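Please look over the model below before reading on. The points that follow are meant for someone meeting it for the first time.

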Amino acid sequence: MRQPRDKTISAKNTDPIIISNQFSTYTPPLTLEGREVIHRHLYTCAKQHNYQIMAWCILPTSYRFILLANKIDKSRKKKIIKPLQQLADFSRSFQMRVQSWIEYSSDHRGSIWRERYMGSSLDTPGECIAATVCTHAFPILTGISNTTEDYFFTSYYHACAGDNIARQNISQIVGKPDTSWSSVKQMHDKLINECVQTVLPKG
């Protein structure tokens, strides 16, 4: 299974976006409480900056999100923000909240990030599927969990646990609107296995 390649986000981009970042080696890893706090910040910032969260994964030292900008009702008198600015505003808001939590919950001061956040446009259905599957496979690929369903801090865990919104968003990418969740899950699990077998060394 091919992983999505990095691509510049155009000024008129309306496709889903995958965004990720890692903590620096000096930043203390997120505890379970910290990951739950960051999870809440994700949804707060997405709502504030008009994004739909299609898939997400929060690890102790990094995160990956797939975001889709909600359509704007042009009939309403509201300033329209360009995609690049919208993403920058979301990332700035989110990362400031994470920084505040790290400083509040530990003795760490100064920058917590290894580098600037990375954002890439997902232009085709195949790229969206690959990015979603790789996002959900992240706990396995990093050795945190043996299965995607056992790690709480992914959208796939919540979909398997019965979260209808998570199921709808994953189905929108991996399946079709009228595809049953059981069929989407079966397809998703098959792609997860392909992803893991491709990335991890055999042995």
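1. The model is predicted, and local features are taken up only where pLDDT is at least 70. Side-chain atom pairs count only at pLDDT 80 or more.

2. How many aromatic pairs does a search of the whole structure find? The search gives 12. In one of these pairs, the ring centres of tyrosine 63 and phenylalanine 65 lie 4.6 Å apart with the planes at 15°, so the pair is stacked. Tyrosine 63 and phenylalanine 65 are both buried.

3. Tyrosine 63 also pairs with phenylalanine 94. Here the ring centres are 5.2 Å apart and the planes stand at 80°, so this pair is edge-to-face. The pair joins distant parts of the chain, since tyrosine 63 belongs to strand S3 (residues 62-69) and phenylalanine 94 to helix H2 (residues 83-105), 31 residues apart.

4. Arginine 64 takes part in a contact of another kind. Its charged end sits over the ring of phenylalanine 138, at 4.7 Å from the ring centre.

5. Which cavities are found? The count comes to 1 cavity of 30 Å³ or more. The largest cavity holds about 40 Å³ of space. Its lining includes Phe23, Tyr63, Phe94 and Trp113, along with Leu30, Ile38, Ile58, Leu59, Ser62 and Val98. Strand S3 and helix H2 each supply at least two of the lining residues. By type, the lining of the largest cavity has 9 nonpolar residues, 1 polar and no charged.

6. Isoleucine 173 lies in helix H5 (residues 164-174). Its relative accessibility is 11%, and it counts as buried. Leaving aside residues up to four places away in sequence, isoleucine 173 touches Met54, Cys128, Ile129 and Thr132. Between isoleucine 173 and alanine 131 there are 9.8 Å in space, C-alpha to C-alpha, while in sequence the two are 42 residues apart.

Technical notes
Residues numbered from 1 in each chain as written. Heavy atoms only, no water. Phe/Tyr/Trp six-rings, centres within 6.5 Å; stacked < 30°, edge-to-face > 60°. Buried < 20%, exposed > 50% of the residue type's maximum accessible area, 1.4 Å probe, protein only. Helix = DSSP H or I, 4+ residues; strand = E, 2+ residues; numbered from the N terminus. Lys NZ or Arg CZ within 6 Å of the ring centre and 35° of its normal. Contact = heavy atoms within 4.5 Å. 1 Å grid on protein atoms, 1.4 Å probe; cavity = no way out; pocket = protein on both sides within 12 Å on 5 of 7 lines; lining within 4 Å. Points joined across faces, edges and corners; volume = space filled by probe spheres on them. Nonpolar A, V, L, I, M, F, W, Y, C, P; charged D, E, K, R; others polar.
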